[in-house]
Every structure is written in structure tokens, then in C-alpha cells.
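I will jot down each thing as I look it up.

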Amino acid sequence: MVNWQRGVMRVMNIANHAVTVTSIVDLTPRYRRIRFSAPELAQQLDVFPTAWLRLWVPNPERGEQHVSQRGYTFVGVDADAGTFDLEFVLHETRGPAGDWAKQAVVGDSVEAALTPAKIALPEGTRELILAGDVTALPAINSWIADVGEGVSARVFIEDGHDDRDQLPAERRPGDTWDWVTPTDTRGEALADALRANVSQSARQFAWAAGEKTLVKHVRHVFKDHLGLLRGQRFSQFYWIEGHSPS
Ligand SMILES: Cc1cc2nc3c(=O)[nH]c(=O)nc-3n(C[C@H](O)[C@H](O)[C@H](O)COP(=O)(O)OP(=O)(O)OC[C@H]3O[C@@H](n4cnc5c(N)ncnc54)[C@H](O)[C@@H]3O)c2cc1C
């Protein structure tokens, strides 16, 4: 099958970079941190909260040579060492990126492309509301690592696993972290938790990412309950339940 996505990116002049696995750490049985060496890529990176890349992973179900792109968030970029980490949710339903991460060994090499889409926190923000599922955790941590002491963070993550406390969390005094156990409908419990615990205040900014239905629920809270206008909120679908892109 023709890899049209690679063609589009070539036309847009988006370069691919080889990235090589140098270490693998399982933080929980479902959450794996992989360190990559990519000196050229790491040195040219403008690191900002939520910065992510497109990883090209083999997708044999779509064809022998087919590679598919999937988004992952930069963690712990070290320009001097020429390395960065990606944190993978090892989800049960098969998918090329999850499968690749489950089988990865040190020395494996794939390609990655940069996606510079910077989100800026409005000047004077005092409260940052961060919501999502575990795929959003690397981005949530990147926000907290970046904002100064004058901004307090309220984190809400929907996940029902017993070991969720072992997931990496950028803790600072004054911030709050709430783990929300899901109901049958993604995002419903998360939206309820936000409604119950967060109220409108001046200088708020809200960010959310994760599964599509979950993000839709949260977006309603940002707009209707918190009354946030366009420049005061940002949300993004990271993946869609039951859908595997080409
Ligand atoms: C900007 C951006 C940043 C992202 N950052 C990260 C990150 O840092 N870490 C991370 O783990 N993910 C991240 N994601 C999400 C990740 O790209 C998706 O989860 C992706 O769909 C995984 O690809 P796959 O090939 O494993 O599965 P796919 O081929 O996309 O899907 C196969 C099946 O698995 C299901 N599925 C996909 N993801 C999940 C999941 N997380 N849990 C349960 N079922 C799932 C799908 O619904 C489908 O049924 C990010 C996405 C974007 C757009």
C-alpha cells in the first residue's frame, strides 16, 4: 500500500530523523518509557509544553513495507546527550505503535518527524487546569515542569488501574492531582470531577487531551461550566476508541 502520509510530509518539507532505542523502563505493566538517541533531532529541538513528534512505526497489517505515523510527547529532552524519552501507554487493543513499543529492544531504530505547534499560556495566567487520560500524562507533566511558581496546576486524569499512583507525576507544593475512576462512558466521570472541584476564576487556562469522547465531555465543562473563551482553553483528540488510522 502506498504510504501517502509520507508523501504529503515530503511535499511539506518535513524531515524524518532516525531515532534509536537506548533504554527501556516499565514504570507500570501498562506504561513504558523508552529513551531514544537522536543527536541531530535533540539539538535542534525547541522544547515547549506538550511538544510532540510523529513516530513512524511498521504496520504490517496495512502492507509489508507500510509504516504508520502516531503522535507521542517529548519527555526529558537532553540536547547535550542527544537523547529524549517517549512514554507509551501499552494498551491491550492491538495497534502498530503500541505493538512496536511492547516489542522494542535496545538498538531498534525507527524514524520520527517533528510537529512544531506551540501553545502559549496567556500572559498573567494564575491557574492551569489540566485534564485527560493517561496518554495526556507526558504533556501534563511537561506543562507543570514549564510553568513558574506563580501558576498553580489542577490535574484531573481519568484512569481506573490500581497502579495509577506509580505513574510519573510532576508534583509541586500547591498543585492538586485527582485520579478519576471511569464510568462506562469515557470522560463522564472526568467531567463530573471537574464540575465538582473547579469553579470559575480570573486568569484560568484549561488544557485537555486524550480519547475523543473523553475530550468532548471535558470541552463542555471548559466552555459551559468554566465559561472559558477560545484563548483560555485548548483541547485535542489524541486517539479514537475503536479506530486505527492508516
Ligand atoms: C499530539 C499527540 C501526543 C500524544 N502523546 C502520547 C504519549 O506521549 N503517550 C501515549 O501513550 N500516547 C500518546 N498519544 C496517543 C497515541 O498516539 C495514540 O494512542 C495512538 O492511537 C496509538 O497508536 P497505536 O498504533 O498503538 O494504536 P492505533 O492503531 O491508533 O489504534 C488501534 C486500537 O487501539 C485503540 N487505542 C489506541 N490508543 C489507545 C490507548 N491509549 N488506550 C486504549 N486503546 C487505545 C484504538 O482505539 C484502536 O481500537 C498522543 C497523540 C497525539 C496526537
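I started with the kinds of residue around the ligand: the shell has 11 nonpolar, 11 polar and four charged residues. Here Ala, Val, Leu, Ile, Met, Phe, Trp, Tyr, Cys and Pro count as nonpolar, Asp, Glu, Lys and Arg as charged, and the others, Gly among them, as polar.

A note on the source: this is a predicted model, where local features need pLDDT of at least 70 and side-chain atom pairs count only at pLDDT 80 or more, while totals for chains, interfaces and linings use all residues. Residues are numbered from 1 along each chain as its sequence is written, and side-chain values use heavy atoms, with hydrogens and water left out.

Next, I counted neighbours: 26 residues surround the ligand, each with a heavy atom within 4 Å of it. His91, Ala97, Gly98, Ile240 and Ser244 are the closest.

Which strand gives the most to this shell? I found that β4 does, with four residues; strands here are DSSP runs of E, at least two residues long.

Then I checked polar contacts (N or O atoms paired within 3.5 Å). The side chain of Arg70 has an N or O atom 2.9 Å from a ligand oxygen. For Thr73, a side-chain N or O atom is 2.9 Å from a ligand nitrogen. Ile240 uses a backbone N or O atom, 2.7 Å from a ligand oxygen. Last, I noted that the protein covers 92% of the 910 Å² of accessible area that the ligand has on its own (Shrake-Rupley method, 1.4 Å probe).

Note on methods. A polar contact is a pair of N or O atoms within 3.5 Å; within protein, one must be able to donate a hydrogen and the other to accept it, and residues adjacent in sequence count only if both atoms are side-chain atoms.
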